[in-house]
Amino acid sequence: MAPFSNGQLHYLLTNPVYRGMIRHKTLVHPGQHPAIIDEALWSAMQTKLQEAAARKRQRPVATAIATEADSTSTAPQNSLEPSDPLMAKLFDETGDRLTPSHTDRHNRRFRYYTSRRLITKGADPTGWRLPAPHLEAVALDALRTYLRARARQHDMLLQPEASTAGLVADALHRLSGKAAAGDLWPLIAEVHITADSMILHFSRETLAQSLGLHPDALNPDVMSVQQAFQRHRRGAETRLVTDTLAPQPDLILQQNLARAHRWANRLRRGESLSSIARAENCSDSLIRSRVALAFLAPDLQRAILDGTAPSHLTTNLIVRTTLPHDWQEQAKALGL
(Lines give C-alpha, C1' and ligand atoms only; values in the text may rest on other atoms or scores of the structure.)
Protein backbone atom coordinates (compact mmCIF):
# COMPACT_ATOMS: atom_id res chain seq x y z
CA MET A 1 0.00 0.00 0.00
CA ALA A 2 1.39 3.42 -0.97
CA PRO A 3 1.95 5.93 1.85
CA PHE A 4 -0.34 8.95 2.20
CA SER A 5 0.77 12.14 0.44
CA ASN A 6 0.94 15.46 2.29
CA GLY A 7 -2.24 16.59 0.56
CA GLN A 8 -4.11 13.46 1.57
CA LEU A 9 -2.98 13.81 5.18
CA HIS A 10 -4.01 17.48 5.25
CA TYR A 11 -7.47 16.57 3.93
CA LEU A 12 -7.90 13.95 6.64
CA LEU A 13 -6.71 16.25 9.42
CA THR A 14 -9.08 19.07 8.39
CA ASN A 15 -12.12 16.92 7.59
CA PRO A 16 -14.99 18.15 9.86
CA VAL A 17 -16.68 14.73 9.60
CA TYR A 18 -14.52 13.57 12.50
CA ARG A 19 -15.94 16.44 14.59
CA GLY A 20 -19.51 15.32 13.95
CA MET A 21 -20.00 17.92 11.21
CA ILE A 22 -20.85 17.75 7.49
CA ARG A 23 -19.25 20.03 4.89
CA HIS A 24 -21.33 21.20 1.93
CA LYS A 25 -19.38 23.38 -0.52
CA THR A 26 -18.02 26.23 1.66
CA LEU A 27 -20.31 25.68 4.66
CA VAL A 28 -20.11 23.26 7.57
CA HIS A 29 -23.30 22.02 9.26
CA PRO A 30 -23.93 19.83 12.33
CA GLY A 31 -24.20 16.18 11.33
CA GLN A 32 -26.37 13.41 12.70
CA HIS A 33 -23.39 11.22 13.55
CA PRO A 34 -21.35 11.43 16.79
CA ALA A 35 -17.92 13.06 16.84
CA ILE A 36 -14.91 10.78 17.24
CA ILE A 37 -12.45 13.64 17.97
CA ASP A 38 -13.06 15.91 20.95
CA GLU A 39 -13.02 19.70 20.73
CA ALA A 40 -9.68 20.21 22.51
CA LEU A 41 -7.78 17.79 20.27
CA TRP A 42 -9.37 19.18 17.10
CA SER A 43 -8.51 22.80 18.04
CA ALA A 44 -4.93 21.89 18.93
CA MET A 45 -4.52 20.06 15.63
CA GLN A 46 -5.89 22.99 13.57
CA THR A 47 -3.55 25.39 15.39
CA LYS A 48 -0.53 23.24 14.54
CA LEU A 49 -1.59 23.04 10.89
CA GLN A 50 -1.96 26.82 10.75
CA GLU A 51 1.47 27.34 12.32
CA ALA A 52 3.04 24.91 9.86
CA ALA A 53 1.42 26.74 6.94
CA ALA A 54 2.69 30.09 8.25
CA ARG A 55 6.26 28.73 8.43
CA LYS A 56 6.07 27.55 4.82
CA ARG A 57 4.88 30.98 3.66
CA GLN A 58 7.82 32.78 5.26
CA ARG A 59 9.93 34.67 2.70
CA PRO A 60 13.71 34.90 3.04
CA VAL A 61 15.04 38.44 3.39
CA ALA A 62 18.52 39.81 2.99
CA THR A 63 18.80 41.70 6.27
CA ALA A 64 16.62 42.94 9.10
CA ILE A 65 16.01 46.69 9.06
CA ALA A 66 17.20 48.16 12.33
CA THR A 67 15.69 51.57 11.64
CA GLU A 68 12.16 50.27 11.06
CA ALA A 69 9.50 50.33 13.76
CA ASP A 70 9.70 47.02 15.57
CA SER A 71 6.50 45.15 14.71
CA THR A 72 7.62 41.92 16.36
CA SER A 73 4.99 40.20 18.44
CA THR A 74 7.05 38.02 20.77
CA ALA A 75 6.42 36.24 24.03
CA PRO A 76 6.34 38.57 27.07
CA GLN A 77 9.52 39.03 29.06
CA ASN A 78 7.71 37.80 32.13
CA SER A 79 7.85 34.03 31.71
CA LEU A 80 4.80 33.66 33.95
CA GLU A 81 2.62 35.56 31.48
CA PRO A 82 1.12 33.43 28.69
CA SER A 83 2.09 34.32 25.13
CA ASP A 84 -1.55 33.88 23.97
CA PRO A 85 -3.56 34.82 27.09
CA LEU A 86 -6.94 34.58 25.34
CA MET A 87 -6.33 31.11 23.90
CA ALA A 88 -9.44 28.88 24.25
CA LYS A 89 -11.34 31.84 25.75
CA LEU A 90 -12.28 33.85 22.67
CA PHE A 91 -15.42 33.27 20.56
CA ASP A 92 -17.12 35.17 17.75
CA GLU A 93 -20.82 35.89 17.27
CA THR A 94 -21.42 32.48 15.66
CA GLY A 95 -19.92 30.63 18.63
CA ASP A 96 -16.82 29.79 16.60
CA ARG A 97 -13.60 29.86 18.61
CA LEU A 98 -10.83 32.26 17.63
CA THR A 99 -7.58 30.33 17.53
CA PRO A 100 -4.09 31.82 18.04
CA SER A 101 -2.07 31.93 14.83
CA HIS A 102 0.92 33.84 13.52
CA THR A 103 2.71 34.91 10.37
CA ASP A 104 6.45 35.43 10.04
CA ARG A 105 7.52 38.32 7.84
CA HIS A 106 10.94 39.93 7.59
CA ASN A 107 12.28 38.09 10.64
CA ARG A 108 9.33 39.31 12.70
CA ARG A 109 6.38 37.38 14.06
CA PHE A 110 2.86 38.78 13.88
CA ARG A 111 0.32 37.15 16.20
CA TYR A 112 -3.41 36.91 15.43
CA TYR A 113 -6.62 35.45 16.80
CA THR A 114 -8.44 33.88 13.85
CA SER A 115 -11.93 32.39 13.57
CA ARG A 116 -11.49 28.66 13.27
CA ARG A 117 -13.59 28.48 10.10
CA LEU A 118 -11.01 30.65 8.33
CA ILE A 119 -8.37 28.06 9.24
CA THR A 120 -10.41 25.00 8.29
CA LYS A 121 -12.37 26.35 5.32
CA GLY A 122 -10.41 29.32 3.99
CA ALA A 123 -11.99 32.63 2.92
CA ASP A 124 -15.17 33.56 4.77
CA PRO A 125 -16.39 37.19 4.93
CA THR A 126 -17.94 36.57 8.36
CA GLY A 127 -14.70 35.34 9.92
CA TRP A 128 -12.49 37.41 12.20
CA ARG A 129 -8.72 37.89 12.00
CA LEU A 130 -7.67 40.17 14.83
CA PRO A 131 -4.12 41.37 15.59
CA ALA A 132 -3.41 39.71 18.94
CA PRO A 133 -1.49 42.51 20.73
CA HIS A 134 -4.19 45.05 19.86
CA LEU A 135 -7.06 42.75 20.87
CA GLU A 136 -5.33 41.88 24.15
CA ALA A 137 -4.82 45.58 24.88
CA VAL A 138 -8.54 46.25 24.32
CA ALA A 139 -9.54 43.33 26.55
CA LEU A 140 -7.09 44.30 29.31
CA ASP A 141 -8.26 47.92 29.23
CA ALA A 142 -11.89 46.77 29.50
CA LEU A 143 -10.95 44.56 32.47
CA ARG A 144 -9.16 47.36 34.34
CA THR A 145 -12.06 49.75 33.63
CA TYR A 146 -14.49 47.13 34.97
CA LEU A 147 -12.51 46.70 38.21
CA ARG A 148 -12.41 50.48 38.79
CA ALA A 149 -16.17 50.73 38.18
CA ARG A 150 -16.89 47.96 40.70
CA ALA A 151 -14.72 49.75 43.26
CA ARG A 152 -16.61 53.03 42.76
CA GLN A 153 -20.09 51.52 42.81
CA HIS A 154 -19.48 49.08 45.70
CA ASP A 155 -21.55 46.39 43.97
CA MET A 156 -19.07 43.54 43.89
CA LEU A 157 -20.44 41.92 47.04
CA LEU A 158 -23.75 40.08 46.98
CA GLN A 159 -24.53 41.47 50.45
CA PRO A 160 -22.40 44.61 50.99
CA GLU A 161 -21.27 45.25 54.55
CA ALA A 162 -19.75 48.45 55.85
CA SER A 163 -16.91 46.51 57.50
CA THR A 164 -15.74 44.86 54.25
CA ALA A 165 -16.86 47.24 51.46
CA GLY A 166 -13.85 49.53 51.90
CA LEU A 167 -11.39 46.64 51.92
CA VAL A 168 -12.92 45.17 48.74
CA ALA A 169 -12.82 48.57 47.02
CA ASP A 170 -9.12 48.99 47.94
CA ALA A 171 -8.35 45.50 46.59
CA LEU A 172 -10.16 46.27 43.33
CA HIS A 173 -8.23 49.52 42.94
CA ARG A 174 -4.95 47.67 43.44
CA LEU A 175 -5.90 45.06 40.84
CA SER A 176 -6.97 47.68 38.32
CA GLY A 177 -3.88 49.83 38.71
CA LYS A 178 -0.84 47.90 39.91
CA ALA A 179 -1.48 44.27 39.05
CA ALA A 180 0.61 42.90 36.18
CA ALA A 181 -1.17 41.67 33.08
CA GLY A 182 -0.13 38.11 33.90
CA ASP A 183 -2.08 38.32 37.16
CA LEU A 184 -5.19 39.71 35.46
CA TRP A 185 -5.65 37.28 32.56
CA PRO A 186 -6.87 34.40 34.80
CA LEU A 187 -9.78 36.63 35.88
CA ILE A 188 -11.24 36.34 32.35
CA ALA A 189 -13.18 33.13 31.74
CA GLU A 190 -14.49 33.86 28.23
CA VAL A 191 -14.62 36.72 25.73
CA HIS A 192 -17.36 36.93 23.08
CA ILE A 193 -16.94 39.21 20.05
CA THR A 194 -20.06 40.49 18.32
CA ALA A 195 -20.53 42.91 15.43
CA ASP A 196 -19.98 46.00 17.56
CA SER A 197 -19.01 44.93 21.08
CA MET A 198 -16.85 42.69 23.20
CA ILE A 199 -18.39 40.89 26.18
CA LEU A 200 -16.01 39.73 28.92
CA HIS A 201 -17.21 37.02 31.30
CA PHE A 202 -15.21 36.70 34.52
CA SER A 203 -14.26 33.71 36.61
CA ARG A 204 -16.10 34.10 39.90
CA GLU A 205 -13.75 31.69 41.66
CA THR A 206 -10.54 33.36 40.46
CA LEU A 207 -11.80 36.87 41.16
CA ALA A 208 -12.91 35.85 44.66
CA GLN A 209 -9.48 34.34 45.33
CA SER A 210 -7.78 37.57 44.20
CA LEU A 211 -9.95 39.54 46.63
CA GLY A 212 -9.55 37.06 49.50
CA LEU A 213 -13.26 36.20 49.48
CA HIS A 214 -15.45 33.13 49.06
CA PRO A 215 -17.01 32.90 45.55
CA ASP A 216 -20.51 32.89 47.05
CA ALA A 217 -19.84 36.36 48.45
CA LEU A 218 -19.59 37.90 44.98
CA ASN A 219 -22.55 39.38 43.15
CA PRO A 220 -23.28 37.13 40.11
CA ASP A 221 -25.00 40.03 38.32
CA VAL A 222 -21.69 41.86 37.79
CA MET A 223 -19.61 38.95 36.51
CA SER A 224 -19.53 40.27 32.95
CA VAL A 225 -18.99 43.57 31.17
CA GLN A 226 -19.65 44.79 27.63
CA GLN A 227 -17.18 47.01 25.74
CA ALA A 228 -18.47 48.76 22.61
CA PHE A 229 -16.14 49.32 19.67
CA GLN A 230 -16.02 50.27 16.02
CA ARG A 231 -14.49 47.98 13.41
CA HIS A 232 -11.90 49.10 10.90
CA ARG A 233 -10.83 46.54 8.34
CA ARG A 234 -7.32 46.50 6.91
CA GLY A 235 -7.15 43.78 4.28
CA ALA A 236 -7.88 40.48 6.02
CA GLU A 237 -7.39 42.04 9.46
CA THR A 238 -9.96 43.80 11.64
CA ARG A 239 -8.97 46.39 14.23
CA LEU A 240 -11.21 47.32 17.15
CA VAL A 241 -11.44 51.00 18.07
CA THR A 242 -12.85 51.94 21.49
CA ASP A 243 -13.46 55.26 23.20
CA THR A 244 -11.49 54.30 26.32
CA LEU A 245 -8.28 52.80 24.93
CA ALA A 246 -5.59 55.23 23.88
CA PRO A 247 -4.78 55.20 20.14
CA GLN A 248 -2.63 52.21 19.22
CA PRO A 249 0.27 52.52 16.76
CA ASP A 250 -0.28 50.92 13.37
CA LEU A 251 2.87 48.81 13.32
CA ILE A 252 2.47 47.88 9.66
CA LEU A 253 2.15 51.53 8.66
CA GLN A 254 5.15 52.46 10.82
CA GLN A 255 7.19 49.74 9.17
CA ASN A 256 6.16 50.86 5.68
CA LEU A 257 6.97 54.48 6.50
CA ALA A 258 10.50 53.55 7.64
CA ARG A 259 10.96 51.40 4.53
CA ALA A 260 9.76 54.25 2.28
CA HIS A 261 12.38 56.61 3.74
CA ARG A 262 15.09 54.02 3.20
CA TRP A 263 14.03 53.53 -0.42
CA ALA A 264 13.81 57.29 -1.01
CA ASN A 265 17.36 57.78 0.33
CA ARG A 266 18.71 55.06 -1.96
CA LEU A 267 16.96 56.61 -4.96
CA ARG A 268 18.49 59.98 -4.11
CA ARG A 269 21.92 58.33 -4.11
CA GLY A 270 21.33 57.23 -7.69
CA GLU A 271 20.36 53.57 -7.22
CA SER A 272 17.93 52.24 -9.78
CA LEU A 273 14.46 51.12 -8.87
CA SER A 274 15.10 47.59 -10.15
CA SER A 275 18.28 47.14 -8.11
CA ILE A 276 16.49 48.23 -4.92
CA ALA A 277 13.63 45.84 -5.70
CA ARG A 278 16.05 42.93 -6.15
CA ALA A 279 17.82 43.73 -2.88
CA GLU A 280 14.52 44.07 -1.00
CA ASN A 281 13.00 40.95 -2.59
CA CYS A 282 9.92 42.85 -3.81
CA SER A 283 8.51 44.28 -7.05
CA ASP A 284 9.27 47.61 -8.70
CA SER A 285 5.60 48.57 -8.50
CA LEU A 286 5.53 48.01 -4.72
CA ILE A 287 8.43 50.42 -4.21
CA ARG A 288 6.93 52.92 -6.64
CA SER A 289 3.65 53.02 -4.71
CA ARG A 290 4.99 52.83 -1.15
CA VAL A 291 7.81 55.37 -1.50
CA ALA A 292 5.13 58.09 -1.49
CA LEU A 293 4.86 57.62 2.28
CA ALA A 294 8.24 59.34 2.67
CA PHE A 295 6.73 62.54 1.28
CA LEU A 296 3.80 62.81 3.64
CA ALA A 297 3.41 66.01 5.64
CA PRO A 298 5.72 66.02 8.70
CA ASP A 299 2.81 66.20 11.16
CA LEU A 300 1.19 63.15 9.54
CA GLN A 301 4.45 61.19 9.77
CA ARG A 302 4.85 62.24 13.40
CA ALA A 303 1.31 61.07 14.20
CA ILE A 304 2.02 57.70 12.55
CA LEU A 305 5.19 57.22 14.59
CA ASP A 306 3.72 58.21 17.97
CA GLY A 307 0.50 56.24 17.45
CA THR A 308 -1.93 59.19 17.41
CA ALA A 309 -2.92 58.91 13.74
CA PRO A 310 -6.61 58.10 13.12
CA SER A 311 -7.30 54.39 12.91
CA HIS A 312 -8.59 54.65 9.33
CA LEU A 313 -5.23 55.98 8.12
CA THR A 314 -3.66 52.84 6.64
CA THR A 315 -1.01 52.08 4.06
CA ASN A 316 -3.66 51.08 1.52
CA LEU A 317 -5.56 54.35 1.97
CA ILE A 318 -2.43 56.41 1.45
CA VAL A 319 -1.18 54.58 -1.66
CA ARG A 320 -4.67 54.64 -3.22
CA THR A 321 -5.01 58.40 -2.69
CA THR A 322 -3.57 60.89 -5.16
CA LEU A 323 -1.72 63.09 -2.69
CA PRO A 324 -1.28 66.79 -3.45
CA HIS A 325 2.10 68.42 -2.85
CA ASP A 326 0.59 70.89 -0.39
CA TRP A 327 0.88 69.37 3.10
CA GLN A 328 -2.37 70.89 4.39
CA GLU A 329 -4.23 69.59 1.34
CA GLN A 330 -2.84 66.09 2.00
CA ALA A 331 -4.75 65.90 5.28
CA LYS A 332 -7.98 66.85 3.51
CA ALA A 333 -7.40 64.31 0.74
CA LEU A 334 -6.95 61.55 3.37
CA GLY A 335 -10.16 62.54 5.16
CA LEU A 336 -8.45 63.92 8.28
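The following exercises, each with a worked solution, concern the predicted model shown above.

Residues are numbered from 1 along each chain as its sequence is written, and side-chain values use heavy atoms, with hydrogens and water left out. Because the model is predicted, local features need pLDDT of at least 70 and side-chain atom pairs count only at pLDDT 80 or more, whereas totals for chains, interfaces and linings use all residues.

**Exercise 1. Overall description**

Task: State how many helices and strands the protein chain has, and what percentage of its residues is buried.

Solution. Step 1: Helices (H or I, at least four residues) and strands (E, at least two) are taken as DSSP runs, numbered from the N terminus. The protein chain has 13 helices and 11 strands.
Step 1: Buried means under 20% relative accessible area, exposed over 50%, and partly exposed in between (1.4 Å probe, protein chains only). Of the 336 residues in the protein chain, 43% are buried.
Step 2: A contact means heavy atoms within 4.5 Å. Among contacts with a separation of 6 or more, 58% come from residues 24 or more positions apart.
Step 3: Accessible areas come from the Shrake-Rupley method with a 1.4 Å probe; for residues, only the protein chains shown count as cover. The protein chain has an accessible surface of about 18,400 Å², and carbon and sulfur atoms hold 55% of that surface.

**Exercise 2. The open sheet and its helix**

Task: Determine the strand order of the open sheet of 3 strands, and identify which elements of the sheet α4 touches.

Solution. Step 1: Two strands pair if DSSP finds at least two bridges between them. The order is β4-β5-β6, with antiparallel pairing.
Step 1: The edge strands, each pairing on one side only, are β4 (98-105) and β6 (129-131). Neighbouring strands of this sheet are turned by 35 degrees against each other on average, direction ignored.
Step 2: Antiparallel β4 and β5 (residues 108-115) are joined by 8 bridges. Within this pair, Ser-101 stands opposite Tyr-112 in β5.
Step 3: Helix α4 packs on the sheet and touches β5 and β6, with its direction at about 60 degrees to that of β5. For such angles, axes are lines fitted to C-alpha atoms, for helices over the stretch in contact, and angles run from 0 to 180 degrees between N-to-C directions.

**Exercise 3. The pairing of β7**

Task: Describe the sense in which β7 pairs with β3 and with β8.

Solution. Step 1: Strand β3 (residues 90-91) pairs with β7 in the parallel sense over 2 bridges. Leu-90 stands opposite Val-191 in β7.
Step 1: β7 and β8 run antiparallel and are joined by 5 bridges. Ile-193 has Met-198 in β8 as its bridge partner.

**Exercise 4. Salt bridges**

Task: For the salt bridges Asp-104 to Arg-109, Asp-155 to Arg-150 and Lys-332 to Glu-329, give the distance and classify the partners as buried, partly exposed or exposed.

Solution. Step 1: A salt bridge is a side-chain nitrogen of Lys or Arg within 4 Å of a carboxyl oxygen of Asp or Glu. The structure holds 12 salt bridges.
Step 1: Asp-104 and Arg-109 meet at 3.0 Å, N to O. Asp-104 is buried at 10% relative accessibility, while Arg-109 is partly exposed at 37%.
Step 2: Asp-155 and Arg-150 meet at 2.7 Å, N to O. Asp-155 is buried at 17%, and Arg-150 is buried at 10%.
Step 3: Lys-332 and Glu-329 meet at 3.6 Å, N to O. They are 3 residues apart in helix α13 (residues 327-333), and are therefore separated by about one helical turn. Lys-332 is exposed at 59%, whereas Glu-329 is partly exposed at 36%.
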